[in-house]
Amino acid sequence: MALLGCGVVGSEVARALTANAQELAARAGAPLKLVGVAVRDASRPRDGVDPSLLTTDAAGLVHRADVVVELVGGLEPARALLLDAMRAGASVVTANKALLAEHGRELHTAAAERGVDLYFEAAVAGAIPIIRPLRESLAGDRVEAVLGIVNGTTNYVLDQMDTGGAELADALRAAQELGYAEADPTADVEGYDAAAKAAILATLAFHTPVPAADVHREGIAGITAADVAAAREAGSVIKLLAICERVQGPDGEGIQVRVHPALLSRDHPLAGVRGAFNAVFVKAAAAGRLMFYGQGAGGVPTASAVLGDVVTVARHRVDSGLGPRVLEHADLPVRPMGQARTRYQVRLDVADRPGVLAAIAQVFAEHGVSIETVRQSALPGPQAGGGAGDGGGGAGRTASLVVVTHTATDAALAATVAAVAEVDAVAAVASVLRVEGD
Ligand code: HSE
């Protein structure tokens, strides 16, 4: 076998291949012999890796192995190397979520045409077995929805905001100091990392090719300590969720794939996922509700998933077999975000005087959005004088109005919020959050 990349995960894979060689050989049915490790600088020694194995010739190396493990990341040259490896008859293991989300169809087709395995358990949620359950264990069931906390950095940040009342920038700095967040946290904070993982999960869950471009994406940059405090008051927590679900619309069945922050009741199993942990919640027609939980990143946990794939594809080669293909036959249409149906929490800063609630409720009604609950609390500011002419409310007094809706479409909610913002008594739309997890 060949290893492309020897970073945090690659070096751990190389170390385990040597340290556990005998046991891994027994499981695979043959020794897992590492023939080379492709790196950018072969002169730099790597702990636990025989220096004679290091090479900068990745293109040559993929022709010398029957199993190629790609841990380089990025789109190119990873894509070209994996296609080349498969053309040369090698089975492939990769942790490259961006590559699978962008070029999954091309890679799955190449694996099928060449009769080789393409395994990628480590691409989503690190050590958590979720690819294999969707691809194999649930192959006889019908997955209705997948909800995942698949980004540890943002979960850590939101958890810090929830438990410590921190603002986002401070929690993010703490995440950087602990090594969870990159110096440039854009991919995590803006939801790109989670969107790539959502694309992979949706492809497997619904047997439908879902490129990353089809995933609606909103990050957590706009979440404030006030949002988190309001969520806490309502018995909820804010999580960045990757949501893949079947939807029934006027044109028949489709799917929707989205990543955005959302309110979850503290009773929901995903609400208890703390710190940098990941979890994926699956709803299937026959199996019911399933939850997969664990470490979503880190060299040692991620290497566990990579090595599991390595042993599996090696075993297939020994037995002249193959794992199940990634099926994309259903080819369900991906519906636009406007058709997404969920509940919403709209937080408004309003003038606290008679008729305001009625005016706001009227706007919701006009847009066909049904209100489930309304909660009002005073905002800091001028206090009620109770004087003549203020209709019983204090002149200039303001309140926070938290409106939770019944299920509505995203399009209807967006139109409602735009119209509510125009109501005279509404000083500001403080936040709009989706409410998930029924
Ligand atoms: N940056 C990711 C996270 C790990 O914070 O979960 C790699 O996908």
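User: What share of the chain's 438 residues count as buried, and what makes a residue buried?

Analyst: This is a predicted model, so everything here is computed from it. Buried means under 20% relative accessible area, and 52% of the 438 residues count as buried.

User: Which residues does Ala 284 touch, if we skip its neighbours within four places in sequence?

Analyst: Ala 284 is in contact with Leu 138, Asp 141, Arg 142, Val 143 and Glu 144. They count because contact means heavy atoms within 4.5 Å. Take Leu 138: along the chain, Leu 138 and Ala 284 are 146 residues apart, yet their C-alpha atoms are separated by 8.1 Å.

User: How do you know that Pro 261 is buried too?

Analyst: Pro 261 has 7% relative accessibility, and the limit is under 20%, so Pro 261 counts as buried. Pro 261 lies in strand 10, residues 252-265. Leaving aside its neighbours within four places in sequence, its contacts include Ile 220, Ile 223, Ile 238, Leu 240 and Leu 433.

User: What share of the contacts with a separation of 6 or more comes from residues 24 or more positions apart?

Analyst: Those pairs account for 73% of such contacts in the chain. The chain has 14 helices and 17 strands.

User: Let's pick a helix. Which residues of helix 4 are buried, and what do they pack against?

Analyst: In helix 4 (residues 78-87), the buried ones are Ala 78, Leu 81, Leu 82, Leu 83, Ala 85 and Met 86. Their packing partners are strand 1, helix 3, strand 4, strand 5 and helix 5. Just after helix 4 comes Gly 89, with a positive phi of about 95°.

User: Which residues line the largest cavity?

Analyst: The lining is His 108, Ala 111, Ala 112, Leu 118, Arg 135, Arg 325 and Val 326. Helix 5 (residues 97-114) has the largest share, three residues.

User: How much space is in the second largest pocket, and what makes a residue part of its lining?

Analyst: About 450 Å³ of space lies in the second largest pocket. A residue counts as lining when it has an atom within 4 Å of a pocket point, and 24 residues line this pocket. Nearest its centre are Glu 245, Arg 246, Val 247, Arg 258 and Arg 341. Strands 7, 9, 13 and 17 each give two or more residues to the lining, and strand 9 gives the most, with six.

User: Last one: how far apart are the mean positions of the positive and negative charges?

Analyst: The mean positions of the 37 positive and 50 negative charges are 4 Å apart. For scale, the C-alpha atoms fill a box of roughly 90 × 50 × 30 Å along the principal axes.

Key. Residues numbered from 1 in each chain as written. Predicted model: local features only at pLDDT ≥ 70, side-chain atom pairs only at ≥ 80, totals over all residues. Heavy atoms only, no water. Helix = DSSP H or I, 4+ residues; strand = E, 2+ residues; numbered from the N terminus. Buried < 20%, exposed > 50% of the residue type's maximum accessible area, 1.4 Å probe, protein only. Lys, Arg positive; Asp, Glu negative; His and termini not counted. Charge placed at Lys NZ, Arg CZ, Asp CG, Glu CD. 1 Å grid on protein atoms, 1.4 Å probe; cavity = no way out; pocket = protein on both sides within 12 Å on 5 of 7 lines; lining within 4 Å. Points joined across faces, edges and corners; volume = space filled by probe spheres on them.
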